[in-house]
Amino acid sequence: MTSAACQLAPDQAPGTTQTLISNADGAVVRRTVLPGGLRVITETMPTVRSVAIGVWVGVGSRDESPELAGSSHYLEHLLFKGTAKRSALDISAALDAVGGELNAFTTKEYTCFYARVLDRDLPLAVDVLVDMMTSSLLRPADVEAERGVILEEIAMRDDDPGDAVHDLFAEVLFGDTPLGRPVLGTVQSITALPRDAIEAYYRRWYRPPHMVVAAAGRLDHDRLVEQVTTAFGPFLSGEGQPAPPRVGGVPPQSRLGAVSVAERPTEQAHFVLGMPALARTDKRRVALGVLNGALGGGMSSRLFQEIREKRGLAYSVYSYAAHHAETGIFGVYAGCQPSRAREVLDLCREQLAAVVRHGLTAEELARGKGQLAGSLVLGLEDTGSRMSRLGKAELVYGELPTVDELLARIDAVTADDVREVAERVLAVPPTLAVIGPFAGNDFDEVLT
(Lines give C-alpha, C1' and ligand atoms only; values in the text may rest on other atoms or scores of the structure.)
Protein backbone atom coordinates (compact mmCIF):
# COMPACT_ATOMS: atom_id res chain seq x y z
CA MET A 1 0.00 0.00 0.00
CA THR A 2 1.26 3.45 -0.87
CA SER A 3 1.74 5.45 2.34
CA ALA A 4 3.40 8.71 1.31
CA ALA A 5 1.83 11.82 -0.15
CA CYS A 6 1.67 11.67 -3.93
CA GLN A 7 2.85 14.82 -5.71
CA LEU A 8 0.61 15.53 -8.69
CA ALA A 9 3.01 16.29 -11.52
CA PRO A 10 1.85 19.36 -13.46
CA ASP A 11 3.90 18.28 -16.46
CA GLN A 12 2.36 14.82 -16.96
CA ALA A 13 2.18 14.37 -20.71
CA PRO A 14 -1.26 14.45 -22.39
CA GLY A 15 -2.47 10.99 -23.32
CA THR A 16 -0.75 9.31 -20.36
CA THR A 17 -2.10 7.66 -17.23
CA GLN A 18 -0.45 7.27 -13.85
CA THR A 19 -1.41 5.10 -10.89
CA LEU A 20 -1.05 7.36 -7.86
CA ILE A 21 -2.24 5.18 -4.97
CA SER A 22 -2.96 1.46 -4.73
CA ASN A 23 -4.40 0.11 -1.49
CA ALA A 24 -4.68 -3.43 -0.21
CA ASP A 25 -8.49 -3.13 -0.08
CA GLY A 26 -8.64 -2.74 -3.86
CA ALA A 27 -9.02 1.04 -3.93
CA VAL A 28 -6.88 2.54 -6.68
CA VAL A 29 -6.34 6.19 -7.60
CA ARG A 30 -5.40 6.88 -11.23
CA ARG A 31 -4.86 10.08 -13.18
CA THR A 32 -5.02 10.70 -16.92
CA VAL A 33 -4.20 13.93 -18.74
CA LEU A 34 -6.13 14.37 -21.97
CA PRO A 35 -5.31 16.60 -24.96
CA GLY A 36 -6.01 20.23 -24.23
CA GLY A 37 -4.99 19.85 -20.58
CA LEU A 38 -8.13 18.24 -19.12
CA ARG A 39 -7.39 15.98 -16.16
CA VAL A 40 -9.36 12.89 -15.15
CA ILE A 41 -8.62 11.54 -11.68
CA THR A 42 -10.51 8.62 -10.15
CA GLU A 43 -10.61 6.43 -7.09
CA THR A 44 -11.97 2.94 -7.67
CA MET A 45 -13.98 1.68 -4.69
CA PRO A 46 -15.00 -1.89 -5.55
CA THR A 47 -17.18 -2.46 -2.47
CA VAL A 48 -19.82 0.20 -3.29
CA ARG A 49 -22.49 0.40 -6.00
CA SER A 50 -22.53 4.15 -6.56
CA VAL A 51 -20.27 6.73 -8.18
CA ALA A 52 -19.81 10.40 -7.37
CA ILE A 53 -18.45 12.48 -10.24
CA GLY A 54 -17.64 16.16 -10.35
CA VAL A 55 -16.40 18.59 -12.96
CA TRP A 56 -14.21 21.09 -11.11
CA VAL A 57 -13.29 24.46 -12.57
CA GLY A 58 -10.41 26.49 -11.18
CA VAL A 59 -12.32 29.75 -10.97
CA GLY A 60 -14.14 31.41 -8.09
CA SER A 61 -15.20 34.76 -6.78
CA ARG A 62 -11.64 35.88 -6.13
CA ASP A 63 -11.01 35.84 -9.90
CA GLU A 64 -13.67 38.47 -10.52
CA SER A 65 -13.13 42.19 -10.98
CA PRO A 66 -15.47 44.42 -8.96
CA GLU A 67 -17.59 44.86 -12.09
CA LEU A 68 -17.89 41.08 -12.46
CA ALA A 69 -18.57 40.36 -8.78
CA GLY A 70 -20.81 37.31 -8.52
CA SER A 71 -20.11 36.00 -12.05
CA SER A 72 -18.78 32.61 -10.95
CA HIS A 73 -21.88 31.93 -8.87
CA TYR A 74 -24.14 33.37 -11.59
CA LEU A 75 -22.69 30.82 -14.02
CA GLU A 76 -23.33 28.05 -11.51
CA HIS A 77 -27.04 28.89 -11.88
CA LEU A 78 -27.05 29.45 -15.63
CA LEU A 79 -25.40 26.18 -16.59
CA PHE A 80 -28.49 24.34 -15.33
CA LYS A 81 -30.77 26.35 -17.64
CA GLY A 82 -30.27 24.50 -20.90
CA THR A 83 -27.92 23.46 -23.70
CA ALA A 84 -28.28 22.89 -27.42
CA LYS A 85 -29.68 19.41 -26.78
CA ARG A 86 -31.26 19.65 -23.31
CA SER A 87 -33.73 22.03 -21.72
CA ALA A 88 -33.50 22.89 -18.03
CA LEU A 89 -36.19 20.29 -17.38
CA ASP A 90 -34.29 17.69 -19.42
CA ILE A 91 -31.17 18.27 -17.32
CA SER A 92 -32.91 17.80 -14.00
CA ALA A 93 -35.19 14.99 -15.20
CA ALA A 94 -32.29 12.95 -16.60
CA LEU A 95 -30.78 12.40 -13.15
CA ASP A 96 -34.11 12.29 -11.30
CA ALA A 97 -35.22 9.42 -13.55
CA VAL A 98 -32.40 7.21 -12.27
CA GLY A 99 -32.59 8.33 -8.64
CA GLY A 100 -29.42 10.38 -8.95
CA GLU A 101 -28.37 13.68 -7.45
CA LEU A 102 -27.20 16.72 -9.42
CA ASN A 103 -25.95 19.93 -7.85
CA ALA A 104 -23.17 22.54 -7.80
CA PHE A 105 -21.39 24.97 -5.51
CA THR A 106 -19.12 27.99 -5.86
CA THR A 107 -16.34 29.10 -3.54
CA LYS A 108 -13.80 31.90 -3.60
CA GLU A 109 -11.28 29.74 -5.52
CA TYR A 110 -13.15 27.06 -7.47
CA THR A 111 -16.54 25.89 -8.75
CA CYS A 112 -17.82 22.31 -8.82
CA PHE A 113 -20.72 20.66 -10.66
CA TYR A 114 -21.34 17.14 -9.41
CA ALA A 115 -23.61 14.13 -9.61
CA ARG A 116 -24.04 10.94 -7.62
CA VAL A 117 -25.55 7.95 -9.38
CA LEU A 118 -25.64 4.16 -9.45
CA ASP A 119 -22.53 2.75 -11.11
CA ARG A 120 -24.54 1.68 -14.18
CA ASP A 121 -25.70 5.28 -14.72
CA LEU A 122 -22.24 6.86 -14.78
CA PRO A 123 -22.26 7.35 -18.60
CA LEU A 124 -25.46 9.38 -18.26
CA ALA A 125 -23.97 11.56 -15.52
CA VAL A 126 -20.87 12.20 -17.65
CA ASP A 127 -22.94 13.18 -20.66
CA VAL A 128 -25.19 15.56 -18.72
CA LEU A 129 -22.39 17.23 -16.76
CA VAL A 130 -20.09 17.74 -19.75
CA ASP A 131 -22.98 19.00 -21.87
CA MET A 132 -23.64 21.64 -19.21
CA MET A 133 -19.96 22.58 -18.97
CA THR A 134 -19.34 22.96 -22.69
CA SER A 135 -22.62 23.80 -24.40
CA SER A 136 -24.78 25.99 -22.16
CA LEU A 137 -26.72 28.56 -24.15
CA LEU A 138 -26.90 31.38 -21.59
CA ARG A 139 -30.07 32.67 -23.24
CA PRO A 140 -30.98 36.29 -22.40
CA ALA A 141 -34.30 35.21 -20.91
CA ASP A 142 -32.53 32.74 -18.62
CA VAL A 143 -29.98 35.35 -17.57
CA GLU A 144 -32.80 37.68 -16.53
CA ALA A 145 -34.73 34.93 -14.75
CA GLU A 146 -31.69 33.83 -12.76
CA ARG A 147 -30.83 37.45 -11.97
CA GLY A 148 -34.04 37.54 -9.96
CA VAL A 149 -33.28 34.18 -8.34
CA ILE A 150 -29.81 35.29 -7.25
CA LEU A 151 -31.13 38.57 -5.86
CA GLU A 152 -33.57 36.47 -3.81
CA GLU A 153 -30.66 34.30 -2.69
CA ILE A 154 -28.79 37.41 -1.52
CA ALA A 155 -31.91 38.55 0.32
CA MET A 156 -32.22 35.12 1.96
CA ARG A 157 -28.60 35.34 3.08
CA ASP A 158 -29.22 38.80 4.50
CA ASP A 159 -32.25 37.49 6.40
CA ASP A 160 -30.02 34.92 8.13
CA PRO A 161 -27.64 36.94 10.32
CA GLY A 162 -25.80 33.79 11.38
CA ASP A 163 -24.81 33.37 7.74
CA ALA A 164 -24.42 37.02 6.77
CA VAL A 165 -22.01 37.77 9.59
CA HIS A 166 -19.34 35.58 7.98
CA ASP A 167 -19.46 37.62 4.78
CA LEU A 168 -19.35 40.78 6.87
CA PHE A 169 -16.29 39.48 8.70
CA ALA A 170 -14.42 38.70 5.45
CA GLU A 171 -15.27 42.18 4.23
CA VAL A 172 -14.01 43.95 7.34
CA LEU A 173 -10.88 41.75 7.54
CA PHE A 174 -9.78 41.92 3.89
CA GLY A 175 -11.59 45.06 2.70
CA ASP A 176 -12.47 45.63 -0.94
CA THR A 177 -10.26 42.84 -2.27
CA PRO A 178 -11.21 39.59 -3.99
CA LEU A 179 -11.08 37.68 -0.69
CA GLY A 180 -13.17 40.33 1.03
CA ARG A 181 -16.05 40.22 -1.45
CA PRO A 182 -18.97 37.79 -1.08
CA VAL A 183 -19.23 34.80 -3.41
CA LEU A 184 -22.82 35.76 -4.26
CA GLY A 185 -21.84 39.24 -5.39
CA THR A 186 -23.89 42.23 -4.29
CA VAL A 187 -27.29 43.55 -5.23
CA GLN A 188 -25.55 46.30 -7.19
CA SER A 189 -23.15 44.02 -9.09
CA ILE A 190 -25.77 41.37 -9.93
CA THR A 191 -28.28 43.99 -11.06
CA ALA A 192 -25.73 45.61 -13.38
CA LEU A 193 -24.04 42.46 -14.74
CA PRO A 194 -24.68 42.17 -18.51
CA ARG A 195 -25.15 38.87 -20.30
CA ASP A 196 -22.20 39.49 -22.64
CA ALA A 197 -19.83 39.86 -19.68
CA ILE A 198 -21.07 36.59 -18.17
CA GLU A 199 -20.64 34.77 -21.48
CA ALA A 200 -17.11 36.12 -21.91
CA TYR A 201 -16.29 34.93 -18.38
CA TYR A 202 -17.70 31.51 -19.26
CA ARG A 203 -15.66 31.22 -22.44
CA ARG A 204 -12.50 32.32 -20.68
CA TRP A 205 -12.57 29.93 -17.75
CA TYR A 206 -14.60 26.88 -18.76
CA ARG A 207 -11.81 25.39 -20.84
CA PRO A 208 -9.91 22.09 -20.43
CA PRO A 209 -6.72 23.52 -18.84
CA HIS A 210 -8.79 24.86 -15.93
CA MET A 211 -11.01 21.78 -15.54
CA VAL A 212 -10.73 18.52 -13.65
CA VAL A 213 -13.06 15.54 -13.83
CA ALA A 214 -12.92 13.70 -10.49
CA ALA A 215 -14.83 10.53 -9.72
CA ALA A 216 -14.95 7.99 -6.91
CA GLY A 217 -16.89 4.78 -6.55
CA ARG A 218 -17.42 1.60 -8.49
CA LEU A 219 -15.93 2.54 -11.84
CA ASP A 220 -13.41 1.56 -14.46
CA HIS A 221 -10.90 4.36 -14.99
CA ASP A 222 -10.13 3.61 -18.64
CA ARG A 223 -13.81 3.36 -19.53
CA LEU A 224 -14.53 6.67 -17.79
CA VAL A 225 -11.68 8.33 -19.69
CA GLU A 226 -13.24 7.11 -22.94
CA GLN A 227 -16.64 8.48 -21.91
CA VAL A 228 -15.17 11.84 -20.91
CA THR A 229 -13.18 12.05 -24.15
CA THR A 230 -16.30 11.39 -26.21
CA ALA A 231 -18.39 13.88 -24.24
CA PHE A 232 -15.86 16.72 -24.53
CA GLY A 233 -15.20 15.96 -28.19
CA PRO A 234 -13.60 18.90 -30.05
CA PHE A 235 -12.96 20.78 -26.80
CA LEU A 236 -10.00 18.44 -26.24
CA SER A 237 -7.95 19.76 -29.12
CA GLY A 238 -4.90 21.96 -28.99
CA GLU A 239 -1.70 22.01 -27.01
CA GLY A 240 -3.13 23.20 -23.70
CA GLN A 241 -1.45 22.03 -20.51
CA PRO A 242 -3.16 21.67 -17.14
CA ALA A 243 -3.22 24.94 -15.23
CA PRO A 244 -1.04 24.57 -12.12
CA PRO A 245 -2.55 24.94 -8.63
CA ARG A 246 -3.19 28.54 -7.71
CA VAL A 247 0.03 30.05 -6.32
CA GLY A 248 -0.24 32.30 -3.31
CA GLY A 249 0.86 35.87 -3.88
CA VAL A 250 1.09 38.72 -1.41
CA PRO A 251 -1.73 38.41 1.14
CA PRO A 252 -4.22 41.28 1.10
CA GLN A 253 -3.60 43.87 3.77
CA SER A 254 -5.60 42.71 6.76
CA ARG A 255 -7.46 45.25 8.83
CA LEU A 256 -6.33 44.07 12.25
CA GLY A 257 -8.40 45.43 15.12
CA ALA A 258 -11.14 46.74 12.83
CA VAL A 259 -14.77 46.60 13.95
CA SER A 260 -17.87 46.54 11.74
CA VAL A 261 -21.41 46.60 13.13
CA ALA A 262 -24.48 46.00 10.98
CA GLU A 263 -27.51 47.31 12.87
CA ARG A 264 -30.54 45.04 12.54
CA PRO A 265 -33.55 44.41 14.80
CA THR A 266 -32.59 40.80 15.50
CA GLU A 267 -33.42 38.80 18.61
CA GLN A 268 -29.82 37.65 18.89
CA ALA A 269 -26.44 39.27 18.44
CA HIS A 270 -24.23 37.40 15.98
CA PHE A 271 -20.51 38.01 15.82
CA VAL A 272 -17.31 36.67 14.35
CA LEU A 273 -14.07 37.52 16.12
CA GLY A 274 -10.96 36.53 14.21
CA MET A 275 -7.80 37.25 12.32
CA PRO A 276 -5.85 36.25 9.20
CA ALA A 277 -4.42 32.74 9.43
CA LEU A 278 -2.41 30.25 7.37
CA ALA A 279 -2.24 29.69 3.64
CA ARG A 280 -3.52 26.45 2.20
CA THR A 281 -0.07 24.94 1.66
CA ASP A 282 1.37 26.00 5.02
CA LYS A 283 2.45 22.83 6.81
CA ARG A 284 1.45 24.37 10.14
CA ARG A 285 -2.21 24.15 9.17
CA VAL A 286 -2.35 20.66 10.71
CA ALA A 287 -1.30 22.04 14.10
CA LEU A 288 -3.86 24.82 13.63
CA GLY A 289 -6.50 22.17 12.98
CA VAL A 290 -5.62 20.44 16.26
CA LEU A 291 -5.75 23.79 18.07
CA ASN A 292 -9.10 24.58 16.50
CA GLY A 293 -10.57 21.28 17.64
CA ALA A 294 -9.54 21.84 21.24
CA LEU A 295 -10.49 25.51 21.32
CA GLY A 296 -13.88 25.49 19.64
CA GLY A 297 -14.44 22.38 17.58
CA GLY A 298 -16.80 20.34 19.71
CA MET A 299 -18.85 20.01 22.87
CA SER A 300 -15.75 19.40 24.99
CA SER A 301 -13.92 22.43 23.58
CA ARG A 302 -12.93 25.37 25.74
CA LEU A 303 -15.31 27.81 24.12
CA PHE A 304 -18.31 25.49 24.34
CA GLN A 305 -17.59 24.58 27.95
CA GLU A 306 -16.89 28.10 29.17
CA ILE A 307 -19.64 29.94 27.32
CA ARG A 308 -22.48 27.45 26.92
CA GLU A 309 -22.06 24.72 29.49
CA LYS A 310 -20.80 26.70 32.48
CA ARG A 311 -22.61 30.01 31.92
CA GLY A 312 -25.45 29.33 29.49
CA LEU A 313 -24.63 32.47 27.54
CA ALA A 314 -25.03 31.11 24.00
CA TYR A 315 -26.62 28.25 22.14
CA SER A 316 -24.08 28.20 19.32
CA VAL A 317 -20.40 29.00 19.77
CA TYR A 318 -17.49 27.54 17.81
CA SER A 319 -14.17 28.30 16.15
CA TYR A 320 -13.10 27.50 12.60
CA ALA A 321 -10.16 27.76 10.23
CA ALA A 322 -10.32 28.43 6.49
CA HIS A 323 -7.40 28.42 4.05
CA HIS A 324 -6.76 30.21 0.76
CA ALA A 325 -3.80 30.36 -1.61
CA GLU A 326 -1.84 33.03 0.25
CA THR A 327 -3.62 33.50 3.57
CA GLY A 328 -6.45 32.14 5.66
CA ILE A 329 -8.95 32.94 8.38
CA PHE A 330 -9.26 31.84 11.97
CA GLY A 331 -12.57 32.87 13.48
CA VAL A 332 -14.78 32.44 16.51
CA TYR A 333 -18.54 32.65 16.00
CA ALA A 334 -21.22 33.08 18.66
CA GLY A 335 -24.91 33.94 18.72
CA CYS A 336 -26.30 35.26 22.00
CA GLN A 337 -28.67 37.72 23.62
CA PRO A 338 -27.66 41.26 22.69
CA SER A 339 -27.32 42.18 26.36
CA ARG A 340 -24.72 39.43 26.78
CA ALA A 341 -22.69 40.13 23.65
CA ARG A 342 -19.90 42.00 25.41
CA GLU A 343 -19.56 39.32 28.08
CA VAL A 344 -19.37 36.56 25.45
CA LEU A 345 -16.84 38.57 23.47
CA ASP A 346 -14.68 39.03 26.55
CA LEU A 347 -14.76 35.30 27.27
CA CYS A 348 -13.78 34.48 23.69
CA ARG A 349 -10.84 36.87 23.86
CA GLU A 350 -9.78 35.40 27.22
CA GLN A 351 -9.69 31.90 25.75
CA LEU A 352 -7.70 33.03 22.70
CA ALA A 353 -5.19 34.80 24.94
CA ALA A 354 -4.91 31.79 27.26
CA VAL A 355 -3.99 29.51 24.36
CA VAL A 356 -1.34 31.97 23.20
CA ARG A 357 0.17 32.15 26.70
CA HIS A 358 -0.06 28.52 27.75
CA GLY A 359 -0.92 26.37 24.73
CA LEU A 360 -3.02 23.25 25.28
CA THR A 361 -2.97 20.76 28.10
CA ALA A 362 -1.85 17.21 27.29
CA GLU A 363 -5.47 16.08 27.50
CA GLU A 364 -6.63 18.83 25.15
CA LEU A 365 -3.84 18.05 22.70
CA ALA A 366 -4.84 14.39 22.58
CA ARG A 367 -8.50 15.29 22.23
CA GLY A 368 -7.81 17.82 19.47
CA LYS A 369 -5.73 15.31 17.54
CA GLY A 370 -8.34 12.61 17.96
CA GLN A 371 -11.13 14.91 16.85
CA LEU A 372 -9.24 16.01 13.73
CA ALA A 373 -8.27 12.45 12.83
CA GLY A 374 -11.76 11.10 13.42
CA SER A 375 -13.50 13.80 11.42
CA LEU A 376 -11.02 13.27 8.58
CA VAL A 377 -11.52 9.51 8.33
CA LEU A 378 -15.28 9.53 8.94
CA GLY A 379 -15.59 12.27 6.34
CA LEU A 380 -14.03 10.00 3.72
CA GLU A 381 -16.45 7.10 4.13
CA ASP A 382 -18.65 7.99 1.15
CA THR A 383 -18.05 8.45 -2.56
CA GLY A 384 -18.92 12.15 -2.54
CA SER A 385 -16.25 13.09 -0.03
CA ARG A 386 -13.69 10.91 -1.79
CA MET A 387 -14.49 12.62 -5.08
CA SER A 388 -14.13 16.05 -3.43
CA ARG A 389 -10.74 15.09 -2.04
CA LEU A 390 -9.52 14.21 -5.53
CA GLY A 391 -10.84 17.41 -7.09
CA LYS A 392 -9.29 19.64 -4.44
CA ALA A 393 -5.99 17.78 -4.64
CA GLU A 394 -5.79 18.52 -8.36
CA LEU A 395 -7.02 22.09 -8.32
CA VAL A 396 -5.63 23.61 -5.15
CA TYR A 397 -3.17 21.41 -3.27
CA GLY A 398 -0.99 19.79 -5.92
CA GLU A 399 -0.58 16.66 -3.78
CA LEU A 400 -2.72 13.73 -2.74
CA PRO A 401 -1.75 12.32 0.65
CA THR A 402 -3.02 8.89 1.58
CA VAL A 403 -5.23 8.62 4.64
CA ASP A 404 -2.30 7.01 6.48
CA GLU A 405 -0.09 9.96 5.62
CA LEU A 406 -2.72 12.44 6.82
CA LEU A 407 -3.12 10.55 10.10
CA ALA A 408 0.65 10.49 10.53
CA ARG A 409 0.80 14.26 10.10
CA ILE A 410 -1.83 14.70 12.80
CA ASP A 411 -0.10 12.25 15.16
CA ALA A 412 3.16 14.16 14.72
CA VAL A 413 1.74 17.44 16.08
CA THR A 414 3.33 18.35 19.42
CA ALA A 415 2.37 20.74 22.19
CA ASP A 416 5.17 23.03 21.02
CA ASP A 417 3.77 23.00 17.48
CA VAL A 418 0.38 24.11 18.79
CA ARG A 419 1.90 26.82 20.98
CA GLU A 420 3.96 28.15 18.08
CA VAL A 421 1.00 28.26 15.70
CA ALA A 422 -1.12 29.94 18.37
CA GLU A 423 1.54 32.63 18.76
CA ARG A 424 1.76 33.00 14.98
CA VAL A 425 -1.98 33.25 14.32
CA LEU A 426 -3.78 34.37 17.48
CA ALA A 427 -1.40 36.91 19.01
CA VAL A 428 -2.59 39.84 16.89
CA PRO A 429 -5.33 42.43 17.42
CA PRO A 430 -8.53 40.60 16.43
CA THR A 431 -11.02 41.88 13.90
CA LEU A 432 -14.72 41.91 14.79
CA ALA A 433 -17.95 41.75 12.77
CA VAL A 434 -21.30 42.09 14.56
CA ILE A 435 -24.91 41.91 13.42
CA GLY A 436 -27.61 42.87 15.89
CA PRO A 437 -29.69 45.66 17.46
CA PHE A 438 -26.72 47.94 18.08
CA ALA A 439 -25.64 51.39 17.05
CA GLY A 440 -22.64 51.57 14.77
CA ASN A 441 -20.31 52.72 17.55
CA ASP A 442 -21.45 50.34 20.29
CA PHE A 443 -18.33 48.18 19.93
CA ASP A 444 -15.72 50.85 19.23
CA GLU A 445 -13.94 50.21 22.51
CA VAL A 446 -14.58 46.50 22.93
CA LEU A 447 -11.25 45.33 21.43
CA THR A 448 -9.02 47.83 23.25
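Guide: The largest cavity has a volume of about 60 Å³. The model is a predicted one, in which local features require pLDDT of at least 70 and side-chain atom pairs count only at pLDDT 80 or more, while totals for chains, interfaces and linings use all residues. Residues are numbered from 1 along each chain as its sequence is written, and side-chain values use heavy atoms, with hydrogens and water left out.

A cavity is a set of points, on a 1 Å grid over the protein atoms alone, where a 1.4 Å probe fits but cannot get out. Grid points are joined across faces, edges and corners, and the volume is the space filled by probe spheres set on them. The structure holds one cavity of 30 Å³ or more.

The lining (residues with an atom within 4 Å of a point) consists of Leu8, Pro10, Arg31, Arg39, Pro242, Ala243, Pro244, Pro245, Ala393, Glu394 and Gly398. By class, seven of these residues are nonpolar, one is polar and three are charged. Here Ala, Val, Leu, Ile, Met, Phe, Trp, Tyr, Cys and Pro count as nonpolar, Asp, Glu, Lys and Arg as charged, and the others, Gly among them, as polar.

Arg39 leads from the lining to strand E8, where its bridge partner is Val212. Strands (E, at least two residues) and helices (H or I, at least four) are DSSP runs numbered from the N terminus, and two strands pair if DSSP finds at least two bridges between them. E4 (residues 39-44) and E8 run parallel and are joined by six bridges. E5 (residues 50-57) runs antiparallel to E8, with seven bridges between them, and Val57 stands opposite Met211.

E8 spans residues 211-217, and seven of its seven residues are buried, that is, under 20% relative accessible area, where exposed is over 50% and partly exposed lies in between (1.4 Å probe, protein chains only). One side of E8 presents Met211, Val213, Ala215 and Gly217, the other Val212, Ala214 and Ala216, and both faces are covered.

Strand E12 (residues 328-336) has nine of nine residues buried, so it is largely enclosed by the rest of the structure. Gly328, Phe330, Val332, Ala334 and Cys336 lie on one side of E12, and Ile329, Gly331, Tyr333 and Gly335 on the other. E10 (residues 269-276) joins E12 in the antiparallel sense through eight bridges, with Ala269 partnered by Cys336. E11 (residues 314-323) is also antiparallel to E12, over nine bridges; Tyr320 is partnered by Gly331, and a hairpin of four residues connects E11 to E12.

By contrast, Asp25, in the loop between strands E2 (16-22) and E3 (28-33), counts as exposed because its relative accessibility is 56%. Asp25 lies 44 Å from Phe169, C-alpha to C-alpha, at a separation of 144 residues in sequence.

As for the whole chain, it contains 15 helices and 14 strands. Its radius of gyration, 23 Å, is close to the 22 Å that the globule rule gives for 448 residues, so the chain is as compact as a globular protein of that length; the radius is taken over C-alpha atoms, and the rule is 2.2 Å times the number of residues to the power 0.38. The C-alpha trace spans about 60 × 55 × 40 Å along its principal axes, and 54% of the 448 residues are buried. Of the contacts (heavy atoms within 4.5 Å) between residues at least 6 apart in sequence, 78% join residues at least 24 apart.

Note on methods. On a 1 Å grid over the protein atoms alone, a cavity is a set of points where a 1.4 Å probe fits but cannot get out, and a pocket is an open set with protein on both sides within 12 Å along at least five of seven lines; lining residues have an atom within 4 Å of a point.
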